[in-house]
Amino acid sequence: MANRAFSVSRLPGFTVTALAVFAILYLPILTLVAYSFNASQSVAVWGGLTLDWYGKAWANDHVKDATLRSLTIAVSASLISTTVATLAALGTTRRKPFKGQTFIYVMINQPLMVPEIVTAVALLIFFASIKIATGYQGLGYLILAHSAFCVPFAYLPIRARLEGMDFSLETAAADLYASPWQTFRHVTLPLLGPGIIAGSMLAFVISLDDVVITEFVKSGGQDTLPTYMLGQMRRQLTPEINAVSSMLLALTVALLTAFFLLTRKKTN
Amino acid sequence: MPNDAIEARNISKIFGQGEAAVRALDNVSVSISQGEFFTLLGPSGCGKTTLLRMIAGFESPTSGQILLDGADVTELPPNKRPVNTVFQSYALFPHLTVAQNVAFGLQMLGKPRAEVAETTDRMLALVKLDQMAGRKTSQLSGGQQQRVALARALAPAPRVLLLDEPLSALDLKLRKEMQIELKRLQHETGITFIFVTHDQEEALTMSDRIAVMSAGKIQQIGAPRDIYTRPVNRFVAGFIGETNFLAAEAANGRVTLKGGGPTDATVESGRSGAVTVAIRPEQVRIGAPGEGSLPATLRDLVYFGTDTHCYLTLADGSEVVVRLQSPASGDVGLEPGAEVGLSFAPGAAQVLGD
Ligand SMILES: Nc1ncnc2c1ncn2[C@@H]1O[C@H](COP(=O)(O)OP(=O)(O)OP(=O)(O)O)[C@@H](O)[C@H]1O
Ligand SMILES: [Mg+2]
């Protein structure tokens, strides 16, 4: 018997629209990746296959330097923001509902709503006064800035995981002589694990990608990979940029795939 | 009394405040002896879970005390009380294996590794799950999960085991099996069990004593036989088994049924006026109408195999159910419409309190 229930997929133009959307989303990226193997010097003319640009990028000290800095910031920011987000998620879910709970949720997620440029300017001004007062010029500012805007990204998957966790497990642990700390250590934390890993990876990717806030907050010589690329493209466009972008893309895709696998609901 | 494993003294619990306040427990007092199988029986919302959670330490009473082996534990957190719970939802740890679940309490108590392993093995054998020790709990059937929950709660050898409707999620056959299993476990371990159910048959067959609860109060505490044969009030009589309620008049310690006919039921000599007499359907006899019996009209007969249920009407319009054991022929020899006389087995009629 034919299924006559309503289905979006039977509307006219559905297939065409879907294909167009996917094309718009992925064609530019595919082009970018394809031209990273282009032997020609120009980014517009195809001159055959080569891995030269990857080699060049690999040998480029600026790229190495920026990559290392990006990773340092992303790892630190991910660790800090995930810790903060885990505590925030525990504090907002593992207790009786309290007055102003919604307000707290909004406050934690607010950075997602504030335009990034506003945060960037605010941080620039804020850190400038600290720089003057203390004289400190190091990476700390970037790490702090990244940690701050990564918190809501880390918070969401952790809180989702906690809300899906039956509170009766912690009750059972307490019944079986576990102190509050032991309950956290042996029950809450292991069950929360996938959520924490997912949150930290999301924070890592977000930090790795960031341009706007980094551009405003960084001191001289503190280019991260994205800001370095931006700087390069202003000068001269070579497929080396494509190669760097492709590697960044590969890393991001790998992390997001892992994120997806970790957060997907277990069937059963 | 040193014999009391657990005692609740004048426990009241009020949830919420003002308009929304709910009195879940109302001045509940009960003491339960060492090694007893004690059942809390009552309809949904009568406060059974609340009382259990209070004994476990998950809830603190608004007023009153909980005593464990004579010591006041009212303020003790759950992890400091030698009391374990079998939760209705089992609450097994999904990230641990069956054996790790069972070992959890012992590990938290800081028992030596060898003792933990030995006790865990013994508990798994006790609930017949030795083959499943390495499995994740999600790979078990409902009945097996139930057994893990039991083994996990029994492993630390608690003074009291609390079971909150542990069988309600199981199908009838498994339920019967687990009832026998629970009795066996209680017998073998000698641990005091406090068992919650709203299934009266389960309560009657399993318990040493039953507390019948309603609306946050304990209505009656007693052995299954006492509760069944001598219910103190209409609620208990009606909640446990089927009962006929007959209007009667009390005077000088004697009770006369409104519809006529005698009873051997007695009341305290101080009490007089209208009273209610309860009589179980299987304790009523049907005979020829006449002097010394309660006149009634047979309306309907339903054959139930071992029993035949007779539905009768009294002169004042009230209804009476009688259960007769079906004779070999299956025919009790009565026809609807017959005028009959009812009499009661000696000692079966019970005058209820208010
Ligand atoms: N945390 C709570 N907050 C407010 N009211 C509660 C709370 N816990 C229980 N109650 C109320 O207290 C009363 C007794 O609840 P309880 O869970 O003890 O009933 P129960 O006898 O276990 O019922 P059931 O057989 O349905 O499990 C109910 O009216 C319930 O709504
Ligand atoms: Mg309950």
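# A guided tour of chains A and B

Select Lys128(B), Arg147(B), Glu181(B), Arg184(B) and Glu188(B) to begin: salt bridges link these residues into a network. Before you go on, please keep in mind that you are looking at a predicted model. Side chains of opposite charge can pair when their charged atoms come close. Over all chains, the count comes to 22 salt bridges, and a few of them are stops on this tour.

**Stop 1**

Lys128(B) sits in the loop between α3 (113-126) and α4 (142-154) of chain B. Is Lys128(B) buried or exposed? Lys128(B) counts as exposed because its relative accessibility is 53%, and the cut-off for that class is over 50%. Now check the backbone: phi of Lys128(B) is near 60°, a positive value in a residue that is not glycine.

**Stop 1: Tyr90(B), another positive phi**

Next, select Tyr90(B). Its phi is near 70°, again positive in a residue other than glycine. You will find Tyr90(B) in the loop between β6 (83-86) and α2 (98-108) of chain B. With 7% relative accessibility, Tyr90(B) counts as buried.

**Stop 2: the salt bridge of Asp199(B)**

Select Asp199(B) and Arg175(B) together and show their side chains. The two meet in a salt bridge, 3.3 Å from N to O. This pair links distant parts of the chain, 24 residues apart: Asp199(B) is in the loop between β8 (192-197) and α6 (200-206) of chain B, while Arg175(B) belongs to helix α5 (residues 172-189) of chain B. How accessible is Asp199(B)? Asp199(B) is partly exposed, at 24% relative accessibility. Arg175(B), on the other hand, is buried, with a relative accessible area of 15%.

**Stop 3: Thr192(B)**

From here, go to Thr192(B), which lies in strand β8 of chain B. Thr192(B) is buried, with a relative accessible area of 0%.

**Stop 4: ligand 1 and its shell**

Centre the view on ligand 1 and show the residues around it: Phe15(B), Val22(B), Ala24(B), Ser44(B), Gly45(B), Cys46(B), Gly47(B), Lys48(B), Thr49(B), Thr50(B), Glu165(B) and His198(B). Colour this shell by residue class and you will get four nonpolar, six polar and two charged residues. Two elements of chain B, β2 (22-33) and α1 (48-56), each supply at least two residues of the shell. Which element gives the most? That is α1(B), with three residues.

Now zoom in on the oxygen atoms of ligand 1, where several contacts can be picked out:

- Ser44(B): a polar side-chain atom is 2.4 Å from an oxygen atom of ligand 1.
- Gly45(B): a backbone N or O atom is 2.7 Å from an oxygen atom of ligand 1.
- Gly47(B): a polar backbone atom is 3.0 Å from an oxygen atom of ligand 1.

On its own, ligand 1 has 630 Å² of accessible area, and the protein covers 61% of that.

**Stop 5: over to chain A, helix α6**

Switch to chain A and select Glu163(A) and Arg159(A). They form a salt bridge whose closest N and O atoms are 3.1 Å apart. Both residues lie in helix α6 (residues 140-164) of chain A, four residues apart, about one turn of the helix. Glu163(A) is partly exposed, with a relative accessible area of 47%, whereas Arg159(A) counts as buried at 17%.

A further pair to pick is Asp223(A) and Lys218(A), whose side chains meet in a salt bridge at 3.5 Å, N to O. Asp223(A) is partly exposed, with a relative accessible area of 28%.

**Stop 6: a nonpolar patch**

Pick Ile29(A) from the group: it is found in helix α1 (residues 14-35) of chain A.

Note on methods:
Residues numbered from 1 in each chain as written. Chains lettered and ligands numbered in written order. Predicted model: local features only at pLDDT ≥ 70, side-chain atom pairs only at ≥ 80, totals over all residues. Heavy atoms only, no water. Near = heavy atom within 4 Å. Polar contact = N/O pair within 3.5 Å; in protein donor to acceptor, adjacent residues only side chain to side chain. Areas by Shrake-Rupley, 256 points an atom, 1.4 Å probe, with all protein chains shown as cover. Nonpolar A, V, L, I, M, F, W, Y, C, P; charged D, E, K, R; others polar. Salt bridge = Lys/Arg side-chain N within 4 Å of Asp/Glu carboxyl O. Buried < 20%, exposed > 50% of the residue type's maximum accessible area, 1.4 Å probe, protein only.
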